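Welcome! Here is a short tour of one protein model, with a few places to look at along the way.

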Amino acid sequence: MANAGCVSLATILFLFIFQAALPQGAAQIPVVSQNLVTDNVSVVEGEMAIISCRVKDNDDSVIQLLNPNRQTIYFRDVRPLKDARFQLVNFSDNELRVSLSNVSLSDEGRYVCQLYTDPPQEAYADITVLVPPGSPIIDARDEVLSEGNETEMTCTAMSSKPAATIRWMKGEKELPGKPKVELTYDRMYTVTSRLTFTVDKEDDGVPVACIVDHPAVKDFQVQKYLEVQYKPEVKIMVEFPQGLTREGENLELTCQAKGKPQPQRVNWVKVDDDVPSHAVITGADLYIENLNKSYNGTYRCVAANSLGESYDDYILYVYDTAPSTEPAAHDSRAGEGAPRTVDHAVIGGVVAVVVFALLCLLIVLGRYFARHKGTYFTHEAKGADDAADADTAIINAEGGHTNSDEKKEYYI
């Protein structure tokens with residue numbers, strides 16, 4: 001320990017003698033040279049900063065590091081400054097590298113790398129201390145919202161350096177906020193962002209996130225889930241039958257109602273008439289047996305909660321049971337009439353009969369023409385078919401020419 005103290009004292013003494021030996025003009029006007037380089041440093045408060053003074057071409061000149069008050073931190077590999085947070089990381093002819101642990105705001109400023117030449121050369125390293133904001137605080141004006149209403153939220157990020165930026169996300173969609181930045185007495189920044197938006201029923205249960213962006217932190221956010229109340233959504237489901245409703249069949253309908261708050265009960269009514277007396281209503285289900293055309297009409301399911309009521313309609317049309325009057329597919333909800341169309345099977349049967357008749361006609365005509373083939377005789381062959389033998393037939397055929405009128409000529 002005594003030897004180390006003697007070495008340190010000797011180095012400091014050498015430093016004073018060396019500075020006194022420099023020309024006054026050179027000591028007062030240092031030169032910024034590209035031969036001596038360093039880097040600016042950004043460090044989070046409480047963490048460690050590294051300052052590196054590097055010499056490209058050193059001619060055995062001395063390197064030292066000064067703090068913002070131009071006090072010598074390190075002279076070569078000796079630390080005159082009594083601050084144990086500064087530690088030597090590396091020392092050579094071409095580099096002096098020093099670490100500063102547990103950085104605070106008071107350590108921020110311009111540090112000087114100095115090379116003892118004539119004149120002295122200097123390079124500057126600016127240390128910027130980053131102070132992360134505290135946990136963001138999100139406040140909502142309304143805890144419970146109603147569909148279609150406007151609400152407001154605020155998010156605050158306190159005591160940061162530099163000032164943080166705040167973004168808003170509703171689900172997967174980013175929303176614009178209005179920021180306000182305040183500088184506090186201790187050179188810290190407080191940022192408040194205000195968000196205003198309108199909610200609908202799809203927003204119920206959706207998170208709204210306040211995301212704080214700052215160079216000292218990543219993924220710094222807080223979120224709040226929306227609670228949105230809305231009037232019921234009503235839908236009638238046909239449980240039976242799956243196809244058309246026919247006379248004599250049964251009908252079963254179920255009313256599905258969803259809302260916030262949830263509707264406690266639903267009501268079945270028939271528009272402009274009374275529900276059939278033998279219809280059975282059990283909770284959300286409507287059951288009618290042995291349908292007939294007198295039951296035709298619009299059946300309505302109504303559900304209500306504290307925000308209002310909603311309904312859905314089902315149009316009942318009872319069809320005949322006769323298959324020949326089988327109607328085309330019909331949507332009972334459309335509210336349109338029920339026109340009857342010709343059965344596709346009947347049309348197919350008629351077409352088949354017509355095609356069969358045409359085929360029979362073609363066959364008969366073909367046989368007729370086949371039997372009368374070759375019965376045509378020329379004028380020269382007339383009379384030959386009545387002859388007793390071939391010679392007589394030839395004579396008769398030739399005689400046909402003799403019996404014809406002879407051509408006569410008259411001269412005057």
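Where does D93 lie? D93 sits in the loop between β7 (86–91) and β8 (95–100); strands are DSSP runs of E with at least two residues, helices are runs of H or I with at least four, and both are numbered from the N terminus. Before we go on, please note that this is a predicted model, in which local features need pLDDT of at least 70 and side-chain atom pairs count only at pLDDT 80 or more, while totals for chains, interfaces and linings use all residues. Residues are numbered from 1 along each chain as its sequence is written, and side-chain values use heavy atoms, with hydrogens and water left out.

D93 is partly exposed, at a relative accessible area of 49%. Here buried means under 20% relative accessible area, exposed means over 50%, and partly exposed is in between (1.4 Å probe, protein chains only). Together with D57, D59 and D60, D93 forms a negative surface patch.

The C-alpha atoms of S92 and R54 are 9.4 Å apart, although 38 residues separate them along the chain.

A nonpolar surface patch is made up of I347, V351, V355, L359 and L362, with about 460 Å² of accessible area together. Of these residues, V351 belongs to helix α3 (residues 344–371) and is partly exposed, at 48% relative accessibility.

Now for the rings. How many aromatic pairs are there? The count is two aromatic pairs, where rings of Phe, Tyr and Trp (its six-membered ring) pair if their centres lie within 6.5 Å; planes under 30 degrees apart count as stacked, over 60 as edge-to-face and the rest as tilted.

| Pair | Centre distance | Plane angle | Type |
|---|---|---|---|
| F75 and Y116 | 6.1 Å | 65 degrees | edge-to-face |
| Y317 and Y319 | 4.8 Å | 65 degrees | edge-to-face |

F75 lies in strand β6 (residues 72–75) and Y116 in the loop between β9 (109–115) and β10 (121–130), so their pair ties together parts that are 41 residues apart in sequence. F75 is buried at 0%, and Y116 is buried at 6%. In the other pair, Y317 is partly exposed at 25%, whereas Y319 is buried at 6%.

Definitions and conventions
Patches are made of residues with over 30% relative accessible area and no salt bridge: like charges are joined within 9 Å, nonpolar side chains (Val, Leu, Ile, Met, Phe, Trp, Tyr) within 5 Å. Accessible areas come from the Shrake-Rupley method with a 1.4 Å probe; for residues, only the protein chains shown count as cover. A salt bridge is a side-chain nitrogen of Lys or Arg within 4 Å of a carboxyl oxygen of Asp or Glu. Lys and Arg count as positive and Asp and Glu as negative; His and the chain ends are not counted. The place of a charge is taken as NZ of Lys, CZ of Arg, CG of Asp or CD of Glu.
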